[in-house]
Amino acid sequence: MRPGTKQYVVARPLYSEESFSEEHEKVYRHLMLSIQIPKKSTKTAALSLLPVIGWMKIYRINEWLLSDIVSGVSTGLVAVLQGLAYCLLASLPPWYGLFTAFFPVVTYFFLGTSRHISVGPFPVLCLMIGSIVTRLVPDEGSPANITGFENLTRDEQRVLVASSVTFTVGVMQLAMGILQVGFVVMYLSDTLVSGFTTAAAIHILVSQLKFVLGLTVPGISGPLAIIYTLEIIFNKITSSNVCDVVISLVIMVVVFIVKELNDRFKSKLPVPIPVEVIMTVIACGVSYAFDFKTRYGIDVVGHIPKGYEPPVAPNLPILQETAVEAFPMAIVGFAVAFSVAKVYSIKHDYTIDGNQELIAFGVSNIFGASFRSFVASTALSRSAVQESTGGKTQVAGLLSALIVMIVTLAIGFLLDPLPKSVLGAVVIINLKGMIMQAREIPYLWKRDKPDCAVWCVTCLASILLGLDLGLAVGLGVELICVVLRVQFPRCSVLANIKGTDIYKDRKDYVHIYEPEGVKIFRIPSPIFFANMDFFRNKLIELGFIPLRVLRKRNKALRKIKKLLKKGDLQWTSVSSYSVAVESNVEDLDQPTDFNDLPACIDWDAELPANIIIPRIEIHSLVLDFAAVSFLDISAVNGLKTLLKELIRVEVEVYIVACDPYVLEKLHHCCFFDDEVHPSMFFLTLHDAVLHILEKHPAHAEKEHNYEKVKKTSRLDLSFSSSLFI
């Protein structure tokens, strides 16, 4: 090695799995079931179900309270505005968004494990709710034939649909939390979520155009709904309300500029400028002063009832009608909230529990649905406000709910003249972050094309087919990509880096050493029923098909035996043999039987009667199992068959770096027999190669000569001239 480089020297015996097990005693672990109830089980259960107890015990009043108050007030103002705006996405009267910004927040305060996310309406879920609402209660035409719709206005029917769907989502989330299946969110990759939310942003943008342009556009749901909606908007665009368009443009320009200033100078600003709230107040005042509703005919929020409505039970027929659509909402709502919560938990060094988060959101949605709120999750911008303004705990969230309650109970009437175009403009300008995710496409294309395909397919399917079907399509494509990656991995033939015990792909390095007659094959994935044939084909690419060679050898052996029996072939060696051969037809796939011959045949030597057998260039095959994490029964059976075929054509097979649990499974599945022995398993790749070189020293020193007879059976085959025809 080069002078000055770090190096180490290890002197140890050469180990196979058997020899290592004999020399080193192994600890056998058994699953112990304890029936003793821990002394603090009740306390632990209480802390688990009510995380508020844990962080309230360490709450620093002097350090945290003021920060939480400032954060709570700021977040509350944003929550009021977003509650009104996002409610339009759900096709519900605006004030029901205030309910969603209040009831789930109170419940999450006690049950949630994140201290920084702001619970409330999330635009993607609002849009998914809106598609269900408009499907069952369309803008034009009669509603669906559902028991419980009698004597209700259209808005009351829609609220009943939204609350019933929210109840279903809550029950699903609670059930998943109780069953400890929070891991399901892991199947939604960042790429899939990015493509899905980008498509949702496009849907939200289109849905808000009718408010920004002041048009009357019926709600459309189902596949290609976005195309039909755009068609209606373009047909009516000449009827746009100029006042709504001007107000929306002014709001969007001002909010965009101030938000950019907030991002640029966030290190210098104590709190971000609440530009949405400021512009909403200004627009509300101007609209009231100049009577925009009467003078220009714009659509305003209108009367906001004071107080809260009595609880309502979910409608069973609606639950049955919307259960399938509620499931993706439950998954998406939890996935988004958990992702945001995880970011802040890492930043502020505390832990969150995915299953407890499911329980918290499940109970929050069930409780909120009883008071006519719709599905709650977290909005990225609102959570960013709560964290960036100094929020330390969910006390800030509780104070934000208090601000929402004050607006609902006391000062909601001040928002009566607020133009809906203002809310639409605020929603659109807040889509910037989600729409800009499209910039990931070039990066993904250069780095990982399958991930890029997942992003594009998910986004396009969600745009054209709807968010629920789009999510299902995206998840299907993602799983297909995973299966294809595992089913068709990049196998490689390894070689030794000279002077080391390191083995790398022989195509990647120049100074390598490959022992004569030895092939080292790396398998970089689990082996199961779907990729067993793929690995077999990859091994065949090394130069021969073992089963075909075996069959040809058995056919040749039969022919030689027949010639010997007829006397047309003489077997000669140092001593003459008097051969008496009985006719015994064998299965061509069985091991070659030399019992009726005086010695073994060297298949690499010249054979009589123009018999031609494919020559095998290797004598040893090493399979690197370091990356094989599991094998199923199909793989075990297929591997055993393949090894037997190789062994029967005199190719020694060695398996190295096998996971102990894989090796244990092979023992349990009766993998070993008279042909396949445990001695073929070696601890490391270098151990196996050294063993092979020790066993075949001639192949390590000189080229193999196919014309030379093996030393162990120096026999010649002579045949009569009658065979030369």
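Visitor: In this structure, which helix supplies the largest share of the lining of the largest cavity?
Guide: This is a predicted model: local features need pLDDT of at least 70 and side-chain atom pairs count only at pLDDT 80 or more, while totals for chains, interfaces and linings use all residues. Residues are numbered from 1 along each chain as its sequence is written, and side-chain values use heavy atoms, without hydrogens and water. Helices (DSSP runs of H or I, at least four residues, numbered from the N terminus) α23 and α25 each supply at least two lining residues. The largest share, three residues, comes from α23.

Visitor: What is the volume of the largest cavity?
Guide: A cavity is a set of points on a 1 Å grid over the protein atoms alone where a 1.4 Å probe fits but cannot get out, and its lining residues have an atom within 4 Å of a point. Searching the whole structure gives three cavities of 30 Å³ or more. The volume, meaning the space filled by probe spheres set on the points, is for the largest cavity about 70 Å³.

Visitor: How many charged residues does the lining of the largest cavity have?
Guide: The lining consists of Arg-536, Leu-539, Ile-540, Leu-542, Phe-544, Pro-546, Ile-618, Leu-621, Leu-642 and Leu-646. Asp, Glu, Lys and Arg count as charged, Ala, Val, Leu, Ile, Met, Phe, Trp, Tyr, Cys and Pro as nonpolar, and the others, Gly among them, as polar. By class there are nine nonpolar residues, no polar ones, and a charged count of one.

Visitor: How is α23 oriented relative to α25?
Guide: Helix α23 (residues 532–540) packs on helix α25 (residues 633–648) with the axes 10 Å apart and an angle of about 20°. Angles under 35 degrees count as roughly parallel, over 145 as roughly antiparallel, 65 to 115 as roughly perpendicular and the rest as oblique. The angle therefore makes α23, relative to α25, roughly parallel.

Visitor: Which residues of α23 make the contact with α25?
Guide: The α25 side consists of Ala-635, Gly-638, Leu-639, Thr-641, Leu-642 and Glu-645, where contact means heavy atoms within 4.5 Å. On the α23 side are Met-532, Arg-536 and Leu-539.

Visitor: How many nonpolar residues are in the contact of α7 with α8?
Guide: From α7 come Ile-129, Ile-132, Val-133, Thr-134 and Leu-136, which meet Arg-158, Val-161, Ala-162, Val-165 and Thr-166 of α8. Two of the residues in this contact are polar and one is charged, and the nonpolar count is seven.

Visitor: How are α21 and α22 oriented relative to each other?
Guide: Helix α21 (residues 449–465) and helix α22 (residues 467–487) have axes that come within 7 Å and cross at roughly 160°. The two helices are therefore roughly antiparallel.

Terms used:
Axes fitted to C-alpha atoms, helices over the stretch in contact; angles between N-to-C directions. 1 Å grid on protein atoms, 1.4 Å probe; cavity = no way out; pocket = protein on both sides within 12 Å on 5 of 7 lines; lining within 4 Å.
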